[in-house]
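Dear colleague,

Please find below the structure that I am handing over to you. My notes on what was found in it follow directly after.

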Amino acid sequence: MLRVSDNFLAEQLLLMCSTKIGSHDSLSTGRVIRYARKNFLNGLPDPVVWVDGSGLSRLNLVTPRTLTGLLLRLHQEVPERRLLSLLAAGGGQGTLRKRYHDAAGPWVWGKTGTLTNNLNMCGYLRTKSGWLVAFSFMNNNHVAESGAMRNEVERVLRQVRDRL
């Protein structure tokens with residue numbers, strides 16, 4: 001679900017998870033969401049408003065600060081090589097394959113989320129000095145072309161990469 005998105009499959013997986021908690025005769029995305037918020041998403045900077053598994057609902061609400069906090073937590077819990085392999089890589093595969101090219105190899109790994117007038121991305125970037133930095137961009141309710149927004153995000157990330 002991270003490298004190549006499939007919103008339908010994500011919703012189905014959430015339903016399947018519901019059979020593993022509580023009674024086994026009911027499919028309830030709400031039950032799984034409540035369980036995940038209590039057991040996995042506690043302690044993040046801001047509350048998470050989560051209503052479905054597809055990621056397509058505009059009712060799902062999360063802040064960039066919370067996404068960055070989640071990325072930092074994942075980096076502590078999952079070996080770095082494995083974690084980065086799960087994400088789309090700049091110049092490599094997934095939604096970032098056509099951007100963030102470098103002859104030395106990938107330097108951006110992340111997850112994108114795009115709906116009409118909303119272009120979001122969070123992930124990690126490796127600076128030229130070797131630091132791994134977590135980031136989150138949320139460009140909501142914009143009227144610019146998506147290509148222009150993607151170019152600006154890439155410009156800022158390249159500056160972070162070069163300056164740190």
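Axes are lines fitted to C-alpha atoms, for helices over the stretch in contact, and angles run from 0 to 180 degrees between N-to-C directions. Contact means heavy atoms within 4.5 Å. Helices (H or I, at least four residues) and strands (E, at least two) are DSSP runs, numbered from the N terminus.

This is a predicted model, in which local features need pLDDT of at least 70 and side-chain atom pairs count only at pLDDT 80 or more, while totals for chains, interfaces and linings use all residues. Residues are numbered from 1 along each chain as its sequence is written, and side-chain values use heavy atoms, with hydrogens and water left out.

The sheet

An open sheet is formed by 4 strands in the order S1-S2-S3-S4, with antiparallel pairing; two strands pair if DSSP finds at least two bridges between them. Strand S1 (88-89) and S4 stand at the edges with a single partner strand each, so one side of each has no neighbour in the sheet. S3 and S4 run antiparallel and are joined by 9 bridges. Within this pairing, Leu119 stands opposite Asn139 in S4, and Asn120 has Met138 in S4 as its bridge partner. The two strands form a hairpin with 5 residues between them, and Gly130 in the turn has a positive phi of about 100°.

The helices on the sheet

Helix H3 (residues 64-77) has 14 residues and reaches 20 Å from its first C-alpha to its last. This is close to the 20 Å expected at 1.5 Å a residue, the expected span being 1.5 Å times one less than the number of residues. H3 lies across S3 and S4, and runs at about 155° to S4. Buried residues of H3 include Thr66, Leu67, Gly69 and Leu71, where buried means under 20% relative accessible area, exposed over 50%, and partly exposed in between (1.4 Å probe, protein chains only). Strand S3 (118-126) and strand S4 (132-140) are among the elements that cover them. Helix H5 (residues 146-163) lies across strand S2 (108-115), S3 and S4, and runs at about 20° to S3.

Two loop residues

Tyr100 lies in the loop between S1 and S2. Although Tyr100 is not a glycine, it has a positive phi of about 60°, and at 2% relative accessibility it counts as buried. Asn117, in the loop between S2 and S3, is likewise not a glycine and has a positive phi of about 65°. At 34% relative accessibility, Asn117 counts as partly exposed.

Cysteines and aromatic rings

The structure holds 0 disulfides, a disulfide being a pair of cysteine sulfur atoms within 2.5 Å. Cys17 is in no disulfide, and the nearest cysteine sulfur, that of Cys122, is 20 Å away, which is too far for a bond. Cys17 is partly exposed, with a relative accessible area of 40%, whereas Cys122 is buried, at 14%.

A search of the whole structure finds 3 aromatic pairs. Rings of Phe, Tyr and Trp (its six-membered ring) pair if their centres lie within 6.5 Å; planes under 30 degrees apart count as stacked, over 60 as edge-to-face and the rest as tilted. The rings of Tyr35 and Phe40 have centres 5.9 Å apart and planes at 75°, so this pair is edge-to-face. Tyr35 is partly exposed, with a relative accessible area of 38%.

With kind regards
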